[in-house]
2 protein chains.
Amino acid sequence: MEKISSLQNKLIFKAGEIASSIGLNKSMGQIYAALYLEKKKMTLNDISEVCRMSKGNISINIRRLEKWGAVEKVWGNEKRKDYYQANRDIAGFAFEHIIAAFSDLLERSRESVREAQIELKKLSSPSLSAEEEKKAALYGKSLGEFEEILGRVEKLMENARRIKKMINE
Amino acid sequence: MEKISSLQNKLIFKAGEIASSIGLNKSMGQIYAALYLEKKKMTLNDISEVCRMSKGNISINIRRLEKWGAVEKVWGNEKRKDYYQANRDIAGFAFEHIIAAFSDLLERSRESVREAQIELKKLSSPSLSAEEEKKAALYGKSLGEFEEILGRVEKLMENARRIKKMINE
C-alpha cells in the first residue's frame with residue numbers, strides 16, 4: 001500500500017496548498033480532501049491518521065467545515081463516536097458560502113453609506129462656507145454613486161440562485 | 001472644513017476596515033476610497049495627505065490597485081508628476097478580478113487532478129494486491145467526480161460574462 005498512501009498524502013497536501021492560496025485554512029482543505037477521497041464516514045481518529053494532524057486541530061477545523069456545510073456529522077457503527085463525511089456537492093456549498101459572504105459585505109457597505117449620509121445631512125447648515133458646501137455636495141454624490149452600485153450587485157445576487165439552477169438543468 | 005474632513009477620514013477608515021474584512025489589503029481600500037470620494041485625479045502627495053500614509057506605502061498599493069484595474073494613471077496638469085484616478089465601475093473590475101481568481105484556481109485544480117491521474121495509472125500493475133486495487137479504483141472515482149465538478153464550474157464561468165451583461169441591460 002506504500003505507493004497508494006503516498007499518492008493519498010500528495011493529494012491531501014495539494015488540497016491544503018490550494019486552500020491556502022485562496023485564503024482558506026490549510027487544515028480545512030486537507031481534512032475535506034481526506035474525507036472526499038476516501039468517500040466514507042470517518043472518526044476524528046481516522047482523519048488524524050490519514051492527515052497526520054492532531055485531534056485538537058481536526059476538531060476545530062471540522063467544526064468550521066460543518067459551518068460551511070462542507071462536512072456533516074453522521075451516525076456510525078460504533079456508538080459514542082462521532083463520524084464525519086464530506087458533502088460532495090463542492091460547487092453547491094461553495095456557492096452558498098460565497099453568496100453569504102457577499103450578502104454580509106453588501107450589508108456592511110450599505111450601513112457605512114447610510115451612516116455617512118446621515119452625518120452629511122447633519123453637517124449642512126447655513127454656516128457652511130462655499131468651499132465646504134462644494135465638498136459636502138461632492139461626497140454626497142460619490143456616496144450616491146456607490147449606493148447605486150451596491151443596488152446593482154444586490155440585484156445580481158438575487159438572480160444568482162435562479163441562474164445557478166438554470167445552468168444545472 | 002474640520003467636520004467635512006473628519007467625515008472624509010471616517011469614510012476612508014471604514015473602507016480600509018471593509019477591505020481587511022474580505023481579506024484584502026487595508027491600504028488598498030483606503031487609497032481607493034480617497035480617490036473615489038474626491039472624484040478627481042490626485043498625485044501621490046495628494047493621496048498621502050488625505051490618507052495620512054507614507055508615500056512608499058501608497059506607491060506599493062497604488063501599483064496593486066492598477067493591476068486590479070481599480071485605479072489608472074492619467075495625465076495631469078503638472079509635468080513629471082504621476083496622477084491617479086479611480087475606476088468608478090467597482091462592480092466591473094471586481095467581477096473581472098473574481099473571474100480571474102476563479103480561472104486560476106480552476107486551472108491549478110485541474111493540473112493537480114491530471115497529475116494524480118497519471119500517477120494512478122502508473123501504479124496499476126498486476127503486482128497490486130486486491131486491497132490496493134480497491135483503493136486505487138476508489139481514488140480514481142473520487143478524482144473523476146471532482147473533475148466533473150470543475151467542468152461544471154468552468155461552464156458557469158463561461159456563462160458569467162453573458163449573464164452579467166444580461167442583468168446590466
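Two residues are taken to be in contact if their C-beta atoms, placed from the backbone, lie within 7 Å. By this criterion, and leaving aside residues up to four places away in sequence, Tyr32(B) touches Ala15(B), Leu65(B), Ala70(B), Val71(B) and Ala86(B). The model in which these contacts occur is a predicted one.

Tyr32(B) belongs to the largest nonpolar core, which has 27 residues. Together with Ile31(B), Ala33(B), Ala34(B), Leu35(B), Cys51(B) and Val71(B), Tyr32(B) is among the residues that touch the most other members of this core. Five elements of chain B contribute two or more residues each: helices H1 (2-21), H2 (26-38), H3 (44-51) and H4 (55-68), and strand E2 (83-86). Of these, H2(B) provides the largest share, eight residues. Another core, of 26 residues, lies apart from this one and includes Ile4(A), Ala34(A), Val50(A) and Leu65(A).

The overall build was then examined for chain A. This chain contains six helices and two strands, and along the sequence these elements follow the pattern α-α-α-α-β-β-α-α. Chain A is divided into domain 1, covering residues 2-88, and domain 2, covering residues 91-168. The C-alpha centres of the two domains of chain A are 38 Å apart. The C-alpha atoms of chain A fill a box of roughly 80 × 40 × 35 Å along the principal axes. The radius of gyration of chain A is 24 Å, whereas a compact globule of 169 residues would have a value near 15 Å. Of the 169 residues in chain A, 21% are buried. Among the contacts in chain A with a separation of 6 or more, 49% join residues 24 or more positions apart.

The relation between the two chains was considered next. In general, two copies of a chain are related by a rotation about an axis and a shift along it.

The contact between the chains involves 39 residues from chain A and 39 residues from chain B. On the side of chain A that touches chain B, at least two residues each come from helices H1 (2-21), H2 (26-38), H5 (90-123) and H6 (130-168) of chain A. The most is given by H6(A), with 16 residues. By residue type, this side of chain A consists of 22 nonpolar, five polar and twelve charged residues.

Arg52(A) is not a glycine, yet has a positive phi of about 50 degrees. Arg52(A) is placed in the loop between helix H3 (44-51) and helix H4 (55-68) of chain A. Because Arg52(A) has 10 C-beta neighbours inside 10 Å, it counts as exposed, the limit for that class being 12 or fewer. In chain B, Arg52(B) likewise has a positive phi of about 50 degrees without being a glycine, and is found in the loop between H3 and H4 of chain B. Arg52(B) has 9 other C-beta atoms within 10 Å and is therefore exposed.

Methods. Residues are numbered from 1 along each chain as its sequence is written. Chains are lettered from A and ligands numbered from 1 in the order in which they are written. This is a predicted model: local features need pLDDT of at least 70, side-chain atom pairs count only at pLDDT 80 or more; totals for chains, interfaces and linings use all residues. A nonpolar core is a set of buried Ala, Val, Leu, Ile, Met, Phe, Trp, Tyr and Cys residues joined through C-beta atoms within 7 Å. A residue is buried if 20 or more other C-beta atoms lie within 10 Å of its own, exposed if 12 or fewer, and partly exposed in between; C-beta atoms are placed from the backbone. Helices (H or I, at least four residues) and strands (E, at least two) are DSSP runs, numbered from the N terminus. Domain bounds come from an automatic or database domain assignment. Ala, Val, Leu, Ile, Met, Phe, Trp, Tyr, Cys and Pro count as nonpolar, Asp, Glu, Lys and Arg as charged, and the others, Gly among them, as polar. The radius of gyration is taken over C-alpha atoms; the globule rule is 2.2 Å times the number of residues to the power 0.38.
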